[in-house]
Structure formats: structure tokens, C-alpha cells
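I opened the model to look up a few packing details. My notes follow in the order in which I took them.

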Amino acid sequence: MASTTSPAPSSGATPTAAPSTTKDPITLLSTILRLTEERIIPLTSAGVSSGSKVFGAAILSRSSLRPLSVSTNNERESPLLHGEINCIQQYFTLPLAATPEETDQEGYRIPTKDTIFFATHEPCSLCLSGITWAGFNEFYYLFTYEDSRDLFAIPYDIEILEEVFRVKAPGDDEKTLRERPLYNRRNKFFTGRSLLELLDEATEVGEEEKEKWRKEIKRVKELYDGLSKTYQEGKTKGVESASVWK
Ligand SMILES: [Zn+2]
């Protein structure tokens, strides 16, 4: 942070967190699930086979919901190339769209405030910071931190936030400290939600329709079972990776 009097990132205007999604929740949800299955999972499959983690990310145009950048974890190369960071880095190598035709076209970049960010797994402290510094103000994730810990045997998102960032307030005991949220999911920079929370916001559909979408979320989550297994097997075999926390 450049100075204590200017809490916003120093480049560009102060971003404003989106209060709730600017797209109708079901359209956004179905687009993200399709993108995960058709684009992110095939990339992830190649990544885990060579020693990278299962995490992926995408940047979508807020107006058309077209994917502008899709990437996965590349910790084989560097421990900092998480799916989200890799996606942001690749996005910023793209030329800024200069014409209406280029806007919303893959291969071109638009201002981050005009995009929606998706991370397959709830972003870790590094990626939360990357998302914030790059000016993304609305993000979604498929798996929560608890899923990463319990389903993927990757506890570091929670552990790093607890150990590095969580400071006892006056009056806190171990119990009240543990009960505190690990970060502000709604703040002046961004609003972050799981896909299940996004579904909850879909007031235009009934319970039957919602149940259908809950099942669809579950089905896409289950596509990660095999990927996680490949990663864990590679880890056991000692596949080469720059990752420190495996
Ligand atoms: Zn991360």
C-alpha cells in the first residue's frame, strides 16, 4: 500500500464493489458452469498431469458474458502462478480493445471494472490481493475454502489467512477469534460469492428450478474428483513442481 491516507490501489480510479450481480443469476450461473466444463477442466486436466494444482480461473465480459481469458494453475513453473494470478497475468498481455468489434472478443482486453471474475476455488490471500489490485470488483467461485481443504487435501488457503492475517482484537478469546470470517466477502473493492450463493439470489425462479441448478453445480463439482486424484498421485510420486505447499 503506497500510503496510509490512500487505501485504494494507486493506479486508476477507486473501484466500487458491485452490490449484487449485474446479470440475472441463472444466466450467469449456467454460463460459468458451461465454461468450467468446456474450457477450464480440459486445461486443468493437462495441468495436473504435469504437477500443477487443480485451480482455474476465467475473466468474462460483464455485458456479453463471453470469456476473455481462461487459465489454470502453473505452480510447476512458479509457486505464485495460481490459477487466478496466471489468468490475470495472461489477460494483461492482451491488447486493449480499441473498436466495438474488438470489445467482448477473446484476444482483447477491456477494463477490469467491465468484467466478472471466476475462480474455480475460493481465492487464497494472494489471489484476493491480485483480484483487488487488478480492479476486479465482482467474483464467483465453485468450491469454498472448506471444499479445498476437505475434498482436495489443500488446507493452505485457510491456514495462511489464519496464521498470517488474523490478529486477535481486544477481548477476543480463541473461540471468538475462530468464529471471525477470514476476510470481508463484501467490501469497497469487491463482492465475492460462491455459485450456491449466486443461485440463492435467483428470486425469479421457483424451488424446483433451483434444485435442478443445485444438482448441476454438484455434477460439475464431481468432475473434479478424477483431477484431484491425479494431482494427489503425482504429489505422492514426487512429480517436479515449484510449489512449496503441496
Ligand atoms: Zn491463490
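**Entry 1: S125**

I began with S125, which is partly exposed, with 15 other C-beta atoms within 10 Å. For burial I used C-beta atoms placed from the backbone: a residue is buried if 20 or more others lie within 10 Å of its own, exposed if 12 or fewer, and partly exposed in between. The model is a predicted one, in which local features need pLDDT of at least 70 and side-chain atom pairs count only at pLDDT 80 or more, while totals for chains, interfaces and linings use all residues. My residue numbers start from 1 along each chain as its sequence is written.

S125 sits in helix α3. I took helices (H or I, at least four residues) and strands (E, at least two) as DSSP runs, numbered from the N terminus. Leaving out residues up to four places away in sequence, I found S125 touching I160, L161, V164 and F165. Contact here requires that the two C-beta atoms, placed from the backbone, lie within 7 Å. For V164 I noted a C-alpha to C-alpha distance of 9.5 Å from S125, across 39 residues in sequence.

**Entry 2: α2 against α3**

Next I looked at how helix α2 (residues 83–91) packs on helix α3 (residues 125–134): the angle is about 25° and the axes are 8 Å apart. The axes are lines fitted to C-alpha atoms, for helices over the stretch in contact, and the angles run from 0 to 180 degrees between N-to-C directions. The angle therefore makes α2 roughly parallel to α3. The classes are roughly parallel under 35 degrees, roughly antiparallel over 145, roughly perpendicular from 65 to 115, and oblique for the rest.

I recorded the crossing of α2 and α3 as left-handed. That term applies if the near helix is turned anticlockwise from the far one by less than a right angle; clockwise is right-handed.

Which residues meet between α2 and α3? From α2 they are E84, I85 and I88, and from α3 they are L126, C127, G130, I131 and A134. I sorted the residues of this contact into 6 nonpolar, 1 polar and 1 charged. Nonpolar covers Ala, Val, Leu, Ile, Met, Phe, Trp, Tyr, Cys and Pro, charged covers Asp, Glu, Lys and Arg, and polar covers the others, Gly among them.

I then checked the cover of α2 and found 7 of its 9 residues buried. They are G83, E84, I85, N86, C87, I88 and Y91. These buried residues pack against β1, β2, β3 and α3.

**Entry 3: the cores**

In soluble globular proteins, nonpolar side chains tend to be buried together. I looked for nonpolar cores, meaning sets of buried Ala, Val, Leu, Ile, Met, Phe, Trp, Tyr and Cys residues joined through C-beta atoms within 7 Å. The largest has 37 residues, of which A58, F117, F118, I131 and F139 touch the most other members. Two or more residues each come from α1 (25–49), β1 (56–61), β2 (67–72), α2, β3 (115–121), α3, β4 (138–143) and α7 (195–200). β4 gives the largest share of this core, 5 residues.

For F117, I listed contacts with I59, I131, F136, E138 and F139, not counting residues up to four places away in sequence. I also found a second, separate core of 6 residues, including V48, V54, F55 and Y224.

**Entry 4: S61**

S61 lies in strand β1. I counted 19 C-beta neighbours inside 10 Å, so S61 is partly exposed. Leaving aside neighbours within four places in sequence, S61 contacts R66, L68, D104, I110, D114 and T115.

**Entry 5: α1 against α8**

I turned to α1 and helix α8 (residues 207–222), which pack at about 20° with axes 10 Å apart. That makes α1 roughly parallel to α8, and the crossing is left-handed. The contact uses I26, L29, L33, T36 and E37 of α1 with W213, E216, I217 and V220 of α8. It divides into 6 nonpolar, 1 polar and 2 charged residues.

**Entry 6: positive phi**

Last, I noted two residues other than glycine with positive phi: L65 near 65° and A153 near 55°. L65 is in the loop between β1 and β2, and A153 is in the loop between α4 (145–152) and α5 (156–165). Is each of them buried or exposed? L65 is partly exposed, with 16 other C-beta atoms within 10 Å, and A153 counts as exposed, with 12 C-beta neighbours inside 10 Å.
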